[in-house]
Amino acid sequence: MRAACKEAAIYGEALLPIERNPTVITVILNPVANKRKAKQEFEKYCEPLLLLGGLQVDVVQTASEGNAKEIVETLRGTEAIIVAGGDGTLSETVTGLLRRNDQANMFPVGVLPLGRTNSIGNTLFPNGKGVQKVKQLITASMAIIKGNTVWKDAMKIEQVTDESETPNRPIYAMASMEWGAFRDTLAKKDKYWFYGPLREYAAYIFNGYKSSLNWNCSGTIKYTPPCVGCTNCTAKRPEVKRKWFFVSSTEAAGQLDQTKILNPECLTSKELCFRTCDFKIKTQNVAMNHQIPALSIFLGRNSYSYTDFVSEGWRRIKTNSDPEPIFARTIEITPKETDRDTVIEIDKEDFDMKPIKITLMPKVIKLFCQ
């Protein structure tokens, strides 16, 4: 921390032009993240570095689930948004950002991995426990001060409704959607807290035989192939004259106008009936990279015996490897009717399973990186 503070102070002591004010950043802090440790760790390891780096830090604490969406949708007068929390807080922030129609996604977004699950934060900055966790928070804070950014994908998730139904507003995610017995088992791991670091293993032992898990994930998926961008899948955005800090004026000039590219294959679609106990969709932010932007669909086995399920679950705890994926740009999922409520997980947040359409939005969120 001492070394990081000295480095941050160099940036903070740099002279600014007389017409330039200190950079204003807004921190969306989830105080209850990671068993209420997030606020303490932010104030101990992150906030001092940001202040020493010469940034004007405005901290806004979320008051309830979904509050981050509301804060970001109405946010004004900032030059960067910093998410201090886990996957859920980041997903809400991205949702609020992309629901706006003023090109607010040009705001760079910083990720301080302070939650219990930090899928995106762990891909940007090396993670660990103890001292390694502190080093991860220092690296994430210094990335914000230095201002290096990278564009990342997101996926837009919309409910498919009938004409008589009022559609809900879309939500956005940056990591994954999961459905099935393996996801349900890990969701119960906190019930076995008394096993300490072995609680995930215990969850598989005590739940592998239960019928309450989603052993039958079935339905149909209709998907279109990946596309580099064409007149069909690229919406022409209106020009916005305002300029945000951290945005280079030459950045947009070097981009190819994809609205004039023709790709007949982009309109083709394939339909697939499936039945599995492990269904996942991941972005390239957390899955293997494809040659062109794509979502990865992973379909697991149809069934497992108790011993196979437990051994496979234990293997995934140690090394999380996925089967061969199906690559797609858009995915429509129509689940088979079930007798009970079915829950899916989108960026570690629970939602009721309904017919949905998932659309890839390539390179739409700008994140601070090393």
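**Exercise 1.** In which strand does Ser 218 lie? Then describe its surroundings.

*Solution.* Keep in mind throughout that this is a predicted model.

Step 1: Look for the strand that covers residues 217–224; this is β8, and Ser 218 lies in it.

Step 2: Decide how accessible the residue is. Ser 218 has a relative accessible area of 9%. Buried means under 20%, so Ser 218 counts as buried.

Step 3: Look at the side chain. The side chain of Ser 218 makes a polar contact with the side chain of Asn 216, at 3.4 Å.

Step 4: Leave out residues up to four places away in sequence and list what Ser 218 touches: Trp 179, Phe 274, Arg 275, Pro 335 and Lys 336.

**Exercise 2.** Where is Pro 108 found, and is Pro 108 buried or exposed?

*Solution.* Step 1: Pro 108 is found in the loop that runs between α5 (87–99) and β4 (109–113).

Step 1: Its relative accessible area is 0%, so Pro 108 is buried.

Step 2: Pro 108 and Gly 147 are 39 residues apart along the chain, and 8.8 Å separates their C-alpha atoms.

**Exercise 3.** Which residues touch the most other members of the largest nonpolar core?

*Solution.* Step 1: Begin with a general idea. In soluble globular proteins, nonpolar side chains tend to be buried together.

Step 1: The largest nonpolar core here has 55 residues, and Phe 42, Leu 112 and Ile 365 are the ones that touch the most other members. Helix α7 (residues 131–146) gives the most to this core, namely eight residues.

Step 2: Another core, of 23 residues, lies apart from it; Met 177, Leu 295, Met 353 and Leu 360 are among its residues.

Step 3: Return to Ile 365 and list its contacts, again not counting residues up to four places away in sequence. Among them are Val 94, Leu 97, Leu 98, Val 109 and Trp 151.

**Exercise 4.** What is the order of the strands in the open sheet of six strands?

*Solution.* Step 1: Go across the sheet strand by strand. The order is β12-β11-β10-β7-β14-β15, and the pairing is antiparallel.

Step 1: Find the edges. They are β12 (326–328) and β15 (349–352), each of which pairs on one side only.

Step 2: Follow the twist, which averages 20° from one strand to the next.

Step 3: Take one pair of neighbours. Strands β10 (residues 278–282) and β11 (residues 295–299) run antiparallel and are joined by four bridges. Phe 279 stands opposite Leu 299 in β11.

**Exercise 5.** Which residues stand opposite Met 155?

*Solution.* Step 1: Look at the pairing of strand β5 (residues 149–159) with strand β16 (residues 356–368), which is antiparallel and spans ten bridges. In β16, Leu 360 stands opposite Met 155.

Step 1: Turn to strand β6 (residues 171–173), which runs antiparallel to β5 and is joined to it by three bridges. In β6, Ala 173 stands opposite Met 155.

**Exercise 6.** How many aromatic pairs does a search of the whole structure find? Study one of them.

*Solution.* Step 1: The search finds 15 aromatic pairs.

Step 1: One of them is formed by Tyr 192 and Phe 206, with 5.5 Å centre to centre and 15° between the planes. Planes under 30 degrees apart count as stacked, so this pair is stacked.

Step 2: Tyr 192 lies in the loop between α8 (181–187) and α9 (199–207), while Phe 206 lies in helix α9, so the pair ties together parts that are 14 residues apart in sequence.

Step 3: Check accessibility. Tyr 192 is buried at 9%, whereas Phe 206 is partly exposed at 32%.

Key: Residues numbered from 1 in each chain as written. Predicted model: local features only at pLDDT ≥ 70, side-chain atom pairs only at ≥ 80, totals over all residues. Heavy atoms only, no water. Helix = DSSP H or I, 4+ residues; strand = E, 2+ residues; numbered from the N terminus. Buried < 20%, exposed > 50% of the residue type's maximum accessible area, 1.4 Å probe, protein only. Polar contact = N/O pair within 3.5 Å; in protein donor to acceptor, adjacent residues only side chain to side chain. Contact = heavy atoms within 4.5 Å. Core = buried A, V, L, I, M, F, W, Y, C linked by side-chain atoms within 4.5 Å. Pairing = 2+ DSSP bridges. Axes fitted to C-alpha atoms, helices over the stretch in contact; angles between N-to-C directions. Phe/Tyr/Trp six-rings, centres within 6.5 Å; stacked < 30°, edge-to-face > 60°.
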